Every structure is written in C-alpha cells, then in structure tokens.
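Subject: Structure handover

Hello,

Here is the structure I promised to pass on. Please open it and keep it beside you while you read my notes.

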Amino acid sequence: MRAATNQVGLAAKPGAWAELALTLPVFLTYQLGVVFLNVRNATDVVTGQLLELSRGDRLTYLEVTAVIGLAMVAIFAVLGRGEGLRARKLLQTVAEGAAYAVAMGAATSWVVGKMFAGPPAQGIDGPFTGVVMSLGAGFYEELAFRAVLFGFGAKLLVWLFARQHVGLVGRTPPLRAAAILVMVVWAVVSAAAFSGMHYVGALGDRFDMRSFVARGVLGLALTLVYALRGFGAAVWTHALYDMWVLVL
C-alpha cells in the first residue's frame, strides 16, 4: 500500500505505467484531431500506420483510434492499478506543466533577448491546428528526444563512462559527480539535436540562429523537467508551452 502512495504523492515521480496514463489524453486528442489536418508532427510514427490500417477512411481511423484508447485505459487500470488515471494526479501534472511552461517561456525570452535582442516570431494557421500540433509535439517529441534519446542515451553513457546505473522512470539513485557531468553534457547534445530537428525535412523551418538557440534552451528546460519530474510532466509542459506560443 505504501508503494502506491509514493507513486501518486505530490513530490514523487510516477512509475512507468502511471507516466503513460498521464499522457494518454494528449496522445488520444492529437491522434483524433490530426487526421483532419494536412500536416502532422515530424516524429509522429503512428498516424500513417493507422491510416494505412484504415485504408485511408477517416471514420474507420477514428473508430480504430477510439478502440486503442479504450484498450490503453483498461491496461493502465489493471497493470498500473489505476494510479495514473486518478484525477488528482492528472490535475497536478497539468498544473505543473502550465507552471513550467510559463517559466520556460520567460527563461527563453530572456536568454534569446540578451543574445539577439528579441524572441523568434512563430505562428500557425488557425487555433484548431495549433492545439492539435501542440499536443503532437508534446507527446511525440518528448518520447523521441527526452525518453529515448536523452533517457536511454544517458543510461548507456553513464554506465560506460561513470559505471553507475541510472533509472529511466521513478526514483533515481544518488549520482556521483562523473555521472552528473555525463548527463549534463548529454543533455546539451540532446537539446541541440531537438532544436536541429525543426530545420530538417520538407516542412522544416529555414535555419536561424535565434530560433535555434531558443529551441535549444527549451530543450534543456524540458530535459530538466523530464529528469526531475518525469515523462508525463515533460509532455504536458511541452504541449502547453506550444499552445501558449502558437494559439494564444
């Protein structure tokens, strides 16, 4: 019983199943909305597969997505003991994400303003597109760049160079100085990769040092949120920040 209490405590990082459950609303809302757009997130590897499975029919796509969502809810309720589905924990994670998003925005504006005399301008066509794309960026980019690139990368590099194990979710054991140094360096590399991704591909932006630095700062901030508060908090922070920038 004590383990379950620790999982949902205000200061505790959630476990793996709870992390996924906390991001389920972001994932499903994006997947249900993106099919009506002519654009999708660059790291989205699911929508194309679902459309192929549905043979391009939107109604079938929506039905398949809804079934997947219900199945995920059932799995989280059974295997995760319902911990990630608790309204109190979800509201806490959303509130944390909003607070971190505001702090990120202020920090990025200050850093970029000091270096380039003004934040980068951004925009998108319509609020619906902005909300859907913000949710997609929040889920898929955090999965790719924080959970996979930084998370697994840091775990491997810390073991290779500092001979210490690092947990991917939940509690992390106290780190030695060498392990912290490796993680800091890898966080900078991961943030640079995250920033650079926005300039790659047919839909990529034209490279601009001001926006590259801004996105790099955001990447570092999101890495810090991920490392200290978990995947769910990072997803909500990213999604809410993008909504603030693109929609409001």
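The second largest pocket has a lining of 20 residues. Phe150, Met183, Thr223, Ala227 and Leu228 lie nearest its centre. The space in this second largest pocket is about 400 Å³.

Some background first. This is a predicted model, in which local features need pLDDT of at least 70 and side-chain atom pairs count only at pLDDT 80 or more, while totals for chains, interfaces and linings use all residues. Residues are numbered from 1 along each chain as its sequence is written, and side-chain values use heavy atoms, with hydrogens and water left out.

Now the terms for holes. Both kinds are found on a 1 Å grid over the protein atoms alone. A pocket is an open set of points with protein on both sides within 12 Å along at least five of seven lines. A cavity is a set of points where a 1.4 Å probe fits but cannot get out. Lining residues have an atom within 4 Å of a point. Points are joined across faces, edges and corners, and a volume is the space filled by probe spheres set on them. Helices are DSSP runs (H or I, at least four residues), numbered from the N terminus.

How many cavities of 30 Å³ or more does the structure hold? It holds one. The largest cavity has about 60 Å³ of space. Its lining includes Ala12, Glu19, Lys89, Arg229 and Gly232. The elements giving two or more residues to that lining are α2, α5 (87-116) and α9 (231-246). The largest share, three residues, comes from α5.

Next, look at helix α4 (residues 58-79). It has 22 residues and reaches 31 Å from its first C-alpha to its last. That is close to the 32 Å expected at 1.5 Å a residue (the expected span is 1.5 Å times one less than the number of residues). Which side of α4 is buried? Tyr61, Thr65, Gly69 and Phe76 are buried in α4. They sit on the same side of α4 because they cover an arc of only 75° around the axis (the arc is that of the directions from the helix axis to the C-beta atoms). Buried means under 20% relative accessible area, exposed over 50%, and partly exposed in between (1.4 Å probe, protein chains only). The face turned away from the buried side carries the exposed residues Leu59, Val67, Leu70 and Val78. What covers the buried residues includes α2 and α3 (47-53), where contact means heavy atoms within 4.5 Å. At the start of α4, a side-chain oxygen of Asp57 comes within 3.4 Å of the backbone nitrogen of Leu59.

Thr29 belongs to helix α2 (residues 16-34). Thr29 is partly exposed, at a relative accessible area of 41%. A polar atom of its side chain lies 2.7 Å from the backbone oxygen of Pro25. Thr29 and Val131 are 102 residues apart in sequence, and their C-alpha atoms are 9.4 Å apart in space.

Finally, two loop residues. Arg55 is in the loop between α3 and α4. Arg55 has a positive phi of about 55°, although it is not a glycine. It is exposed, with a relative accessible area of 80%. Arg163 is in the loop between α6 and α7. Arg163 also has a positive phi of about 55° and is not a glycine. At 52% relative accessibility, Arg163 counts as exposed.

Best wishes

Note on methods: A polar contact is a pair of N or O atoms within 3.5 Å; within protein, one must be able to donate a hydrogen and the other to accept it, and residues adjacent in sequence count only if both atoms are side-chain atoms.
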